[in-house]
Amino acid sequence: MAGTVRRRGHQRLSNSIHQREAVGAIRPLLVAKGLNYWHPSVMSAPLIIKIPGQFSGLTMTRVTNQIVDAAVGGKLPAQVCFNFGTLGFIEPAGLVFLSNLIDWLRGEKECEVAYSGVDEKSASVRYLDDCGFFATSYGKALDEQAAPRRSSMPFARVAQQNSHEWLDGHFIPWLSARLDQSAATLAPLRICVSELLNNIADHTRFNIGGVAAQHFPNANRLQIAIADFGIGIPRSVAKLRPGLSDTDAIIQATEEGFTTQSTPRNRGAGLDYLLRVVPGAGLGNISIYSCDGMVSFGPSNGSVGVASSQTEGFCPGTLIEIEIRTDRIQPVDQEEEELQW
Amino acid sequence: MVIMVRDLMPACDTNQQGDILRAAILRVLAQDTVVEVSFAGLTAATSSFVNSAFVDLLDKLSFDEIKRRVRITHSTQQIGDMIRTRLTREAERMVAA
């Protein structure tokens with residue numbers, strides 16, 4: 001891949017914004033909503049996590065930073081409350097990351113998780129509700145009229161064994177209608193998503209990825225975000241190449257043929273395909289966030305350029321963001337062919 | 001003999017699906033000189049699928065033999081490119097090793 005890898009020294013900014021609100025201030029909100037995530041015996045105040053105003057791939061680690069900073073002796077707080085009071089705009093990466101994080105806190109860390117600061121008139125909150133976030137993560141939508149918007153592919157948890165049904169039954173029909181492109185034209189993009197779902201199955205023990213997408217027609221942009229909470233690319237790569245920085249480990253993982261052999265049949269072609277099909281074809285950018293590394297790949301002189309930077313904090317697992325310039329998609333001839341070697 | 005991939009599986013996404021196709025190809029090749037693998041009705045294939053369906057044939061057949069005895073028909077550009085690229089690269093790796 002062409003381009004220069006620029007590295008910055010690791011900077012771990014401590015956004016130690018713990019605001020310990022009294023449980024009494026939160027409970028009426030939850031009870032009024034018909035939700036009660038607090039056990040009556042809970043005496044300690046929950047950890048309040050502020051959602052960033054612009055919640056994107058670049059800002060999502062501010063959320064984990066707050067949680068990690070609150071950990072004592074490696075132990076996370078028993079109760080975590082996400083405060084949406086300052087949320088202005090959320091991208092698919094933020095939505096997927098937050099949904100996965102909530103699952104991880106509940107499932108892996110046995111935390112109780114709730115929310116506060118929710119203004120149902122807020123555009124961003126209504127967007128989240130329409131995307132199914134509150135229904136999926138908290139069991140109930142805020143507004144019973146909440147419904148998916150035409151420009152959004154709502155957050156979904158997709159297991160590899162169900163990927164075909166989701167891809168061909170939901171994602172591609174939605175995308176095809178939004179972009180007015182045939183399934184054959186969108187085939188490479190479909191395969192990019194399928195490759196990432198296969199990677200989740202190969203490299204994590206959960207076999208389920210969180211996925212969301214958003215079409216911005218006025219900007220000719222499509223954003224797709226897929227995330228898992230496996231061990232992360234850097235830790236996986238370290239089994240074969242110890243000593244690499246997290247950013248360099250991510251770059252290594254995208255090299256065609258590089259494989260940690262997490263499964264015997266893994267030949268290290270999936271991420272390379274993603275880069276060839278999106279930035280390599282001039283279609284857009286790929287950003288990969290994992291552990292303390294973040295790498296963005298974009299078009300560069302007919303090839304793929306690498307620009308890397310450290311994140312502000314830690315991204316558990318891996319999140320991949322695909323940003324497509326929809327005005328650059330070229331329709332493909334649907335004519336069938338015989339393979340000529 | 002023609003193998004209609006769509007008759008065996010609804011999509012070409014996973015290693016497991018590739019295993020099924022590879023087994024079908026080998027069964028036919030045990031009886032016939034040439035097998036036609038038709039992707040009619042399918043639009044795309046992942047590297048995982050192609051690795052299992054076709055690359056793993058290199059355990060039993062040479063690349064030249066695969067090119068001679070396995071015809072890929074009714075394929076899309078994406079499927080054809082994926083099969084050609086993956087087989088070529090893995091065959092080169094085997095030679096270099």
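The structure is a predicted model, in which local features need a pLDDT of at least 70 and side-chain atom pairs count only at pLDDT 80 or more, while totals for chains, interfaces and linings use all residues. Residues are numbered from 1 along each chain as its sequence is written, chains are lettered from A and ligands numbered from 1 in the order in which they are written, and side-chain values use heavy atoms, with hydrogens and water left out.

## The two chains

The secondary structure of chain A consists of 10 helices and 10 strands, where helices (H or I, at least four residues) and strands (E, at least two) are DSSP runs numbered from the N terminus. Chain B, for its part, has five helices and three strands, and these follow one another from the N terminus in the order β-α-α-β-α-α-β-α. The radius of gyration of chain B is 12 Å, close to the 13 Å that the globule rule gives for 97 residues, so chain B is as compact as a globular protein of that length. Here the radius of gyration is taken over C-alpha atoms, and the globule rule is 2.2 Å times the number of residues to the power 0.38. Along the principal axes, the C-alpha atoms of chain B fill a box of roughly 35 × 30 × 20 Å.

The table sets out some totals for each chain. In it, buried means under 20% relative accessible area, whereas exposed means over 50% and partly exposed lies in between (1.4 Å probe, protein chains only). Accessible areas come from the Shrake-Rupley method with a 1.4 Å probe, and for residues only the protein chains shown count as cover. A contact means heavy atoms within 4.5 Å.

| Chain | Buried residues | Contacts joining residues at least 24 apart, among those at least 6 apart | Accessible surface | Share from carbon and sulfur atoms |
|---|---|---|---|---|
| Chain A | 55% of 341 residues | 69% | about 14600 Å² | 49% |

Helix 6 of chain A, residues 163-179, bends by about 35° at Phe171(A), and a proline, Pro173(A), follows within four residues. The bend at a residue is the angle between axes fitted to the seven residues ending there and the seven starting there. Phe171(A) is also one of the buried residues of this helix, which include Trp166(A), Leu167(A), Ile172(A) and Trp174(A) as well. Among the elements covering these buried residues are strand 6 (152-159), helix 7 (187-203), strand 7 (208-216) and strand 8 (221-228) of chain A. Just after helix 6, Asp180(A) takes a positive phi of about 55°.

Helix 10 of chain A, residues 270-277, is mostly covered, with seven of its eight residues buried; among them are Gly270(A), Asp272(A), Tyr273(A) and Val277(A).

## Residues in loops

Gln160(A) lies in the loop between strand 6 and helix 6 of chain A, and it is buried, with a relative accessible area of 12%. Although Gln160(A) and Asn198(A) are 38 residues apart in sequence, their C-alpha atoms are 6.2 Å apart in space. Leaving out residues up to four places away in sequence, Gln160(A) touches Leu197(A), Asn198(A), Ala201(A) and Asn207(A), and also Thr14(B).

Met9(B) sits in the loop between helix 1 (5-8) and helix 2 (15-31) of chain B, and at 4% relative accessibility it counts as buried. Apart from neighbours within four places in sequence, Met9(B) is in contact with Gln17(B), Ile20(B), Leu21(B) and Phe49(B). Of these, Ile20(B) is 11 residues away in sequence and 8.6 Å away in space, C-alpha to C-alpha.

Glu110(A), in the loop between helix 3 (92-107) and strand 5 (112-116) of chain A, has a positive phi near 55° although it is not glycine, and at 68% relative accessibility it counts as exposed. Asn301(A), in the loop between strand 9 (284-300) and strand 10 (303-325) of chain A, likewise has a positive phi, near 50°, and it is exposed, with a relative accessible area of 81%.
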